Amino acid sequence: MNKLVVSVKIALRALLVNRTRSALTMLGIIIGVAAVIAMVGVGAGATARIQAQIQSIGSNLIIVLPGSLSSNGVRLGSGAVATLTEDDAKAIAAECPSVSVVAPSVRGGVQVVYGSNNWATTVQGVTPDYMTIRDYTMLSGQFFTNQDVDAAAKVAVFGETVVRNLFGNSDPTGQVAIVKNVPFTVVGVLTPKGQSPSGQDQDDVILLPISTAKQKVLGANKANAKAISTLMVQASGPAAMDQAQQEMEALLRERHRILEGQEDDFTVRNLTEVFAAQESSAQVMSILLGAIASVSLIVGGIGIMNIMLVSVTERTREIGLRLAVGAKTRDILSQFLVEAVTLSILGGIIGIVTGLAASALIAHFAQWSTQVSPLSVLMAFVFSALVGVFFGYYPARKAAYLDPIEALRYE
Amino acid sequence: MAVVIEVKDLVKDYALGDVPVHVLKNVSLVIDRGDFVAIMGPSGSGKSTLMNILGCLDKPTSGTYTLDGIGVGPLSRDELAEIRNKKIGFVFQQFNLLARTSASENVELPLMYTDMAAAERHDRAAKALLSVGLAGREAHQPSQLSGGQQQRVAIARALVNNPRIILADEPTGAVDSRTSIEILAIFQRLNREDGITMIVVTHDPDVATYANRNIHFKDGKIQLDEVLAHTRDAQKDLESLSAQAAEELASV
């Protein structure tokens, strides 16, 4: 311990003697560490934003779409044929233990009018369970109830984009808007969710009771009055996703009387999985950014090695003297190693501060969200110290194994 | 008297290209505790090589070297460093002080490589500086000291670890004649009062007259090994200098 303190003192003195040189050498490490911290911050920010978007869809979501029917050898895409019904939804809710909530929905495009304003948007016919499944909260008013669904009440919940375009800044709750020539009372406004991971505006929507939507707005399917266009299912937990999917597939095949070997007439999609792919691509980007920044840290390390080699050459006589008066190999080795590590750690600390400032500036001026985790700061610090050890070892070793006679005679 | 250095059949060869150069040819030598030896000879006669071997900085090609009862031949690099640290003090022609480092810290340097506590190191350094007449200059850096004072700092550094022997390679080569007598007076005092064996390499026959034994080297062999009947006393020579000279000396 005593010796380490002495080594650090000797190293600091040697570094202070050549202030400019030490500062320039540190600059390489400073830039490297700052770049790593800022770039990883940008990457983590992007990942976090995608995660937030995935959260906005709802958690543990599975989507069941009708269709993909084969008629006379022509295969139609999913959603082409109305094969899912409200009864399927009820059966899934009743018989699949891994499923916690089921929300059937129908959708269609409509023109909506309020006063002299009008707006084209999407109508979704849903049940109150839809609010649970999508994690919706209310900005004002209430969501409609199951009684409203049973009674096919003419009530509507508006998304924020629709409200802005029809009502401006005034509160629409209690007002009556005309949806496809049918007057609806606005009972609530949804809290905005922003963009979906696929880039759609999730607030440009009007939610109606599924019964009202079918009977008054979209028109019921002629072949099957109970047909629905989408079934959203929430599994009871992240671990139950696969189980829920299998249970539903088995149940729907049984209910639709599909024989073994025949294709499904529905499609089950694990939404979380789809968007997790996007998340992992953002993570790859942040790793890539970090890797590129690390290259500059390594270049900084080479700068340290370069200066340490110069320093060893300049101080050959000093090394010779130290060896002559009894310094052992490891004493000289540790002296120069401590000097290199001191350079890199000091550079690392300044680099961390610079990196935090840089990522704050990027967040402020480029309007990107950046997130600097304590772990990445710690990693940058440890990595910079390791760079010092790695690139300091060769010059230190060179110094430690000098021949004392030649070193003393060195001009 | 106890034997401090015993050298037997010492041979040192250097391979200069393809031609081997025999620098030392079967040198045998015994130096007793308390001897003050001056080693003389022309350049290339092998005296510096002998000094390097005696100082445990170099190893002989063949032959044995026993220092203070320890055969140093089979010792490793770090074990030799330990021997240099404990038993040998070095004084160089060019002083070899660390620049921008105080006199006290320069003197402490050999103690840095021991387990000694900082307080005791300072204490020992202060005592060593006192004994070479530099009390009060502990905080001075080499650039603030004259050549003679710098060499005295170097001598303090050589004796701070209480060595058995002090090896001085042309210690008066870089200072004027008065200062050189002063340095020799310190050497004689350390030799007589503390019983430290002094080995001085010099070109200057005048310097050799202050030793009690002169060894002349030529072509890698001892040509002449004489014990002086009459040794000059450096302190008396200093006192006999004129009053004006003494004044100048005091201002050094």
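**Exercise 1. The nonpolar cores**

How many residues does the largest nonpolar core have, and which residues have the most contacts inside it?

*Solution.* The structure is a predicted model. Step one is to take the size: the largest nonpolar core has 121 residues. Step two is to find the residues with the most contacts inside this core, which are B:A156 and B:I166. Step three concerns the source of the residues: helix 2 (residues 19–57) of chain A gives the largest share of this core, 15 residues. A second, separate core has 57 residues, among them A:A89, A:C96, A:V162 and A:L252.

The surroundings of B:I166 may then be listed. When its neighbours within four places in sequence are left aside, B:I166 is in contact with B:G89, B:V91, B:A158, B:L159, B:L190, B:I196 and B:M198.

**Exercise 2. Two helix pairs of chain A**

Determine how helix 11 of chain A is oriented to helix 12 of chain A, and how helix 2 of chain A is oriented to helix 11 of chain A.

*Solution.* Begin with helix 11 (residues 329–365) and helix 12 (residues 374–400) of chain A, whose axes are 7 Å apart and pack at an angle of about 150°. Angles over 145 degrees count as roughly antiparallel, and helix 11 of chain A is therefore roughly antiparallel to helix 12 of chain A. The crossing of helix 11 of chain A past helix 12 of chain A is right-handed. The contact between these helices has 21 nonpolar residues, eight polar residues and one charged residue.

Continue with helix 2 of chain A and helix 11 of chain A. Their axes come within 6 Å and cross at roughly 40°. The two helices are therefore oblique to each other. Helix 2 of chain A also passes helix 11 of chain A in a right-handed crossing. The contact of this pair divides into 16 nonpolar, eleven polar and no charged residues.

**Exercise 3. Helix 10 of chain A and the contact between the chains**

Identify the buried residues of helix 10 of chain A and the elements against which they pack. Then state what helix 10 of chain A gives to the side of chain A that touches chain B.

*Solution.* Helix 10 (residues 316–324) of chain A is mostly covered, since seven of its nine residues are buried. The buried residues are A:E318, A:I319, A:G320, A:L321, A:R322, A:L323 and A:A324. Within chain A they pack against helix 11, helix 12 and helix 13 (404–409), and within chain B against helix 2 (77–87) and strand 6 (88–91). After helix 10 of chain A comes A:G326, with a positive phi near 120°.

Apart from its neighbours within four places in sequence, A:L323 is in contact with A:I332, A:L402, A:P404, A:A407 and B:A81. The C-alpha atoms of A:L323 and A:R397 are separated by 14 Å, and these residues are 74 residues apart along the chain.

The contact of the two chains can now be described: 16 residues come from chain A and 17 residues from chain B. On the side of chain A that touches chain B, helix 1 (2–17), helix 10, helix 11 and helix 13 of chain A each give two or more residues. Helix 10 of chain A supplies the largest share of this side, five residues. By class, the residues of this side are ten nonpolar, two polar and four charged.

Methods: Residues are numbered from 1 along each chain as its sequence is written. Chains are lettered from A and ligands numbered from 1 in the order in which they are written. This is a predicted model: local features need pLDDT of at least 70, side-chain atom pairs count only at pLDDT 80 or more; totals for chains, interfaces and linings use all residues. A nonpolar core is a set of buried Ala, Val, Leu, Ile, Met, Phe, Trp, Tyr and Cys residues joined through C-beta atoms within 7 Å. A residue is buried if 20 or more other C-beta atoms lie within 10 Å of its own, exposed if 12 or fewer, and partly exposed in between; C-beta atoms are placed from the backbone. Helices (H or I, at least four residues) and strands (E, at least two) are DSSP runs, numbered from the N terminus. Two residues are in contact if their C-beta atoms, placed from the backbone, lie within 7 Å. Axes are lines fitted to C-alpha atoms, for helices over the stretch in contact, and angles run from 0 to 180 degrees between N-to-C directions. Angles under 35 degrees count as roughly parallel, over 145 as roughly antiparallel, 65 to 115 as roughly perpendicular and the rest as oblique. A crossing is left-handed if the near helix is turned anticlockwise from the far one by less than a right angle, and right-handed if clockwise. Ala, Val, Leu, Ile, Met, Phe, Trp, Tyr, Cys and Pro count as nonpolar, Asp, Glu, Lys and Arg as charged, and the others, Gly among them, as polar.
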